[in-house]
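Hi there,

Here is the structure I promised to pass along. Have a look through it first, and my notes are below.

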Amino acid sequence: MPVHAAPTGHPLLPAVLELPDDTHVFTGTLHPSAPSWLAEHTIGDHCLLPATAFVDMVLHAAHHTGHHTITDLVIHTPLALSGDTATDIQLVIGPVDATGHRACTIRSRAHTTTAGPWTHHVTAEVTTGTAGVPAVPAIVWPPTHASSLDTTNLYHHLDQRGLRYGPTFQGLRHAWKHHNDLYAEVHLPATPHPHHHTIHPALLDAALHALTLHHPDHTTIQLPFSWTGVTLHSDPGNTVRVKLSPTGADTLAITLMDDRGTPVATIQSLSVRPVDSQQLARAAARRSDSLFRPRWKRLAVPAAPASEPIAIVGSDLELAPALMSHTPVNAYPSLAALVEAIDSGLPVPRTVLAPCGGHAGSSVPVGARAATHRVLTLVQEWLGEKRLAESRLVVVTRHAMGVDPTEEVRNLTHSALWGLIRSARSENPGRFALVDLDNDPASIKALPTALGCDEPEMAVRVGVPQVCRLARADADGVDSAGFTLDPEGTVLVVGGTGALGALTARHLVTSYGARHLLLASRQGAAAPTAAALVAELTELGAAKVRVAACDAADRDAVYELLTSVPPEHPLTAVIHTAGAVDDATIASLTAESLDAVLRAKVDGAWHLHELTAGLDLSAFVLFSSLAGTLGNPGQANYAAANTFLDALAHHRRSLGLPATSLDWGPWDGPDGMAGSLDRTSRIRIQRNGILALPADQGLAILDTALGMPDEAQLVTARLDRAALYGLADRGTLPPILQDLVGGPTHPATGARRGQVALMQRLSGLSGNDQRDVLLDFVRHEISAVLGHASAASIEPERGLLDMGFDSLSAVELRNRLSAVTDLRMPPTLAFDHPTPAALARYLHEALAPDGATPLPDEDAEIREAIASIPLDRIRDAGLLETLMRLARNAVPFAVTESDERRSTIEEGDVDDLVRLALGQ
C-alpha cells in the first residue's frame, strides 16, 4: 500500500509520514514571511529561525509519538532564511530504542526544483512516559525583596547590537532580580494560531530576553546552544511568569508558570553561549548596507566660543569684518604673511580660516577649476609649513552644499572644494576642516562657537551649525517599476562604451524596454567594444543604437550631439557615467592632473545640464563616486569632481528639474576604473570598509534609486560594517559614517583608547623592552597595511620600499600609527624612518613613559643630518629613492658616474652625501 503524509496542524511542520519501522518524518516549507513572525527574528545580517522554534518542533514530534520530554537537544547550525528562496525543513524521529528513547534530527535545504544538499541543524532525544507537574513552592508575585529591572529600552539596545526583534518577539513586560535569580513576566502579542504550537517560539524566546538584563549596558548577549530536560506540562497560553536560575557560568534552569504559579513548562538546564555584541552589530549593519542618503542634523555646540583669536588668510577676506564684532580676528592676505607674523612673535593659531571668494563673470566649470587651483596651492603650502604643523586649516565656502533637500546650491564653483579637502584630510588627519555658510548674519555670529566643536565638516544655516551623516535609505515600499522610460524616446548614455556605461545600456534595454540609445564617448565608434556592444544591444531588443564620438567637456560638441537626436525620438533621459582618474597624493597633485579629471565630470555634467534644461526629461542620472563623500586618499581631484556632481543634482532639484547623483563604490569585475587596482590597493579599500559591488547587485541598487524620485543624492556602495567598526575602534572612522555603526562619539576616542593600551604595555619596562614592544607594534601595522596575514615576514631592518610600499601605503601607515599613538607625525615619516626598526626608535623617543630612558641611537647624527635635507628638492630631482636604498645598504648603488663621484659616495661623510644629492 502507498504511504501517505498525514496533516499535523503544526504551522512549521504541517505534514508527517509514518514509515513501517516506526520512524516518523515531519516536513514543512518555511518562508521569511510565512508564518509572518519568522521575519521578525534577525541576528546579525541573517533572518534566523529562533532556537526556540527547534524546541517547539521537537516537542511537537515527541507529543505526536506519545513522548513528553526532550532529554537533550543540541543546535549544531543556525537556520538562516533567505529573502528570495523558500526553505524545506525535515524532522525525523526514529523508533523507540531499548532504553525507551527516540533519536531526532532536523535538517533543511533550499526549496528548489532540483534536489540540493541538506544541512544538519539539530540533534535531539526524547523520552517515553508522562512527566508529572513538579511541585514548586508558591512564589509571591512579584517576588518579595526582588529588585525591579528596567525593560523600557531593552529592545532598542538589542537592536543596536545586532539582535532585532519584531513586535511578536517583544514580549518581555516586567523583570526582577533576587539574589542570582531572575523573574520575568512575558506576554505573547496577538498572533495567528498560537495554540497550534506546543509552545510558541516567540513566547519562549521572550522568556530568555531577561538574561541580557544581568548587564546594565546590555552588551553581553547570550544565545541558546543546548537544552536538557525540557517538559511541557500544560498549554502555556499567551502569558507566563518565568523564573531563571543560574546553575553555572553558562547554564540555567527555567520554570514557566501560569498566573497562579503552577508550572506549565520546565527546563532542567539550558546552556547559552555569550556572543560578542559588537560582532553582532557589525554583522547586523552589513545587512542591506548598499543604499544610503546623506542627512544633515543639528550639531550640539559648546556654551561659549574659544577665547583665542581666529586667524584668516587669503585674498578673499570679506569674512573678517563680519567676524570682528563677535570674536577677535587677525587677518592676513596670504599664508606667507601669517607665517611672517608668527616669526615676529604672534602665537601660533590653533585654527586658521581660509574663506573662498566668488568668481563672477566666469562659467561654472571655469570658476570651479579656478577655485580648486587656488585651494590646492594653499593646501600644499600649508602642508609644507612646519610652523603650522599643529594647526588646522578651515576652508570656508558659501552655499556650496545642499543641506535641505529643497535648498538651492547657489555656488557650484565651491562645491568641488569639499571633495578636494575631504581627500586632503583623509591623508592628513586633523589638518583640515570645511565650513559652508549661508548669507544669514546669524551664521557668521555662530561660526566662532561652531568651530569649537572640532568637527571636520559642518554647514551653518540661519545660525544653526549642522553636520552630515549617512543614514540607511528606506527602500521599503519603493516600486522600481514606478520609473518608466518612453520606449519611443532616446536615452543618452555619456561614457556609453565604457564598462559601467555598457552595463547600464544593457540594463536599460532588458529591464526598461529602452529601444533608442545614443552612446557617447570620446572615441565613439572607434572604441574597441563599440561594434560588439551595438550588436548585443540590438539582439537584446533595441531598435536603434547609435555610437557617437563626443568630448562632453566641449560645450559645442555636446550641443551638436543633442541636436542630432531625431525629433520623432526625442531625448527623454540622460545618464552620465563618464569619468577619468589620475591618482596622486595631495602634496604631489598638479594643476594639470586636477584639470584632466575635473573636465571629464564637471564640464561634461554642466554642459548636459545647461543644454537639456528646457527638455522634458524623465531622468538625469549622474554617476558620482563614494570618493567624493569620504575623500579617498590619493584622489583629491577625483573626489572634487564628484562632489560637484552631487551639488549639481541638488541644484537641479531646487530648479524643479529631475536629477539623481549616485555615489558609487567600486564595482566588481576587471573592467572599469576599479579593475586596474593592484592587490594592495584593493586590500586598502576593503580595510576601509568598502566592498566591491557585484554587477547584478549594482543594477538592482540602480533600480531602487530610480524608484526614489525625491532623493537628489544617494550613496550606492557596499559597506563592510565589521571593517567600519574596526575604524571606529581605532578612531579613524570618517564622522559621516558614525551613525551607521554607532562608533565613538568623536574620532579621538579610539585614538585615546589605543594610546592608553600601548602606554600600559610600555609602562614599567626597560628601554630595550619598550623598543621591542614598539617594534612588534610597528611590524603589526606594516603587515596590516600590506595585507599580510601576520607580521612574521616583516623584517626589522628591511626597507619599506622593498616591501612594496608606495605613496598611499606610506600615508596609511603614518595615519595608523598616529591614530593609535595620538601623535602628530610628519608627512615624510616613512622617508625619514624607512625601516621598521627606525620607526620603532622614532616612536620610542616620542612615547617613552616618564622615567624610562630612551635607547641610545647610534644613527642619531645621520638621521639629524637627513632631517635637515630639503626633501622636496631631492624628490623633484628623482634622487630620494636612491638615497633611501643607499642609506640602508639594501641594494647595490648602480651608478654611471665617474670614479670620483663613486668614491665620494663610498668614502664621504654625511655632509658630502648631502652636497652630492643636491648637485653641489
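This is a predicted model: local features need pLDDT of at least 70, side-chain atom pairs count only at pLDDT 80 or more; totals for chains, interfaces and linings use all residues.

Let me start with Asn411. You will find Asn411 in the loop that runs between β23 (392-398) and α8 (412-427). Its relative accessibility is 15%, so Asn411 counts as buried, the cut-off for that being under 20%. The side chain of Asn411 has two polar partners worth a look on screen. A polar atom of this side chain lies 3.3 Å from the backbone oxygen of Arg398, and a polar contact of 2.5 Å links the Asn411 side chain to that of Thr413. Leaving aside residues up to four places away in sequence, Asn411 touches Arg398, His399 and Ala400.

Next comes helix α9, which covers residues 441-451. Because 8 of its 11 residues are buried, α9 is largely enclosed by the rest of the structure. Among the buried residues in α9 are Ile444, Leu447, Pro448 and Leu451. The N-terminal end of α9 is capped by Asp440, which places a side-chain oxygen 2.8 Å from the backbone nitrogen of Ala442.

Finally, the cysteines. How many disulfides does a search of the whole structure find? The search finds 0. As for where two of the cysteines sit, Cys104 counts as buried because its relative accessibility is 1%, and Cys356 also counts as buried, at 11%.

Happy to go through any of this with you.

Best wishes

How values were computed:
Residues are numbered from 1 along each chain as its sequence is written. Side-chain values use heavy atoms; hydrogens and water are left out. Helices (H or I, at least four residues) and strands (E, at least two) are DSSP runs, numbered from the N terminus. Buried means under 20% relative accessible area, exposed over 50%, partly exposed in between (1.4 Å probe, protein chains only). A polar contact is a pair of N or O atoms within 3.5 Å; within protein, one must be able to donate a hydrogen and the other to accept it, and residues adjacent in sequence count only if both atoms are side-chain atoms. Contact means heavy atoms within 4.5 Å. A disulfide is a pair of cysteine sulfur atoms within 2.5 Å.
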